[in-house]
Amino acid sequence: MKQLKTYLLHAGAVILAVTFTWFVHEFAHWAMAKALGYSPVMTMNTVSLGGDQYQEEWHAMLVSAAGPIITIIQAALVYWWLAVKGWQRWLYPYLFLALYTRALAGVMNMIQLNDEGRIGHALGIGDYTLSILVSGFLFWLVWKATRREKPGWRFVTYTLFLIMLFSSILILSDNAWHPVLLQ
């Protein structure tokens, strides 16, 4: 019974991590677009300009960069917290999730350019270069934290499974219903 409670508490922590991380990432895009004078619309998985076009290419790059920058900052802060305060199993999903989201976005560049893919394409350095660099950095943080804290393969696998499950539910729900969170 105690083990079931531990698993359920961890699942709850992952749900919070997925919801928080996705919201903050998309909010960063929304806030940057708003700061540049646009009228953005935010759902849980997208920010659009509501029919407007970017007035300058660098505006599109700034809006695209805002989300990944926040995600990288989140991962770095969580990594720092884990390094200073020691193992916190409820924080680990925030670090792991940052890697998962940026790696997933990098893979999705094959279908449609995402944040780092759009920036890399605009800069002429390739559609995958920034995704590889960002994912590599985040992998390094996850690897260092996991190696230092040794949470065990079951915990890491369970965390990954939950992240994939709840992220998929969020993405599919957003695609089906497009719930507007901010305008």
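Visitor: Which residues does Ser167 touch, leaving out those up to four places away in sequence?

Guide: Setting those neighbours aside, Ser167 touches Val18, Trp22, Leu97 and Tyr100. Keep in mind that this is a predicted model.

Visitor: Where does Ser167 lie, and is Ser167 buried or exposed?

Guide: Ser167 lies in helix H6. Its relative accessibility is 0%, so Ser167 counts as buried, the cut-off being under 20%.

Visitor: Now the core. How many residues does the largest nonpolar core have?

Guide: That core has 31 residues, and the ones with the most contacts inside it are Val18, Trp22, Leu95, Leu97 and Leu138. Helices H1, H2, H3, H5 (129-149) and H6 each supply at least two of its residues. H3 gives the largest share, 8 residues.

Visitor: What is Leu138 in contact with, beyond its neighbours within four places in sequence?

Guide: Leu138 is in contact with Ile72, Ala75, Ala98, Leu99 and Arg102.

Visitor: And how do I read empty space?

Guide: Roll a probe the size of a water molecule over the atoms, and you see where empty space is left. Here, the largest pocket holds about 910 Å³ of space. Of the 34 residues lining this pocket, Asn45, Thr46, Asn114, Asp115 and Arg118 are the closest to its centre.

Visitor: Which element gives the largest share of that pocket's lining?

Guide: H2 does, with 6 residues. Other elements giving two or more residues include strand E2 (47-48) and helix H4 (115-123).

Visitor: What is the lining of the largest pocket like by class?

Guide: You'll find 15 nonpolar, 13 polar and 6 charged residues in the lining.

Technical notes
Residues numbered from 1 in each chain as written. Predicted model: local features only at pLDDT ≥ 70, side-chain atom pairs only at ≥ 80, totals over all residues. Heavy atoms only, no water. 1 Å grid on protein atoms, 1.4 Å probe; cavity = no way out; pocket = protein on both sides within 12 Å on 5 of 7 lines; lining within 4 Å. Points joined across faces, edges and corners; volume = space filled by probe spheres on them. Helix = DSSP H or I, 4+ residues; strand = E, 2+ residues; numbered from the N terminus. Nonpolar A, V, L, I, M, F, W, Y, C, P; charged D, E, K, R; others polar. Core = buried A, V, L, I, M, F, W, Y, C linked by side-chain atoms within 4.5 Å. Buried < 20%, exposed > 50% of the residue type's maximum accessible area, 1.4 Å probe, protein only. Contact = heavy atoms within 4.5 Å.
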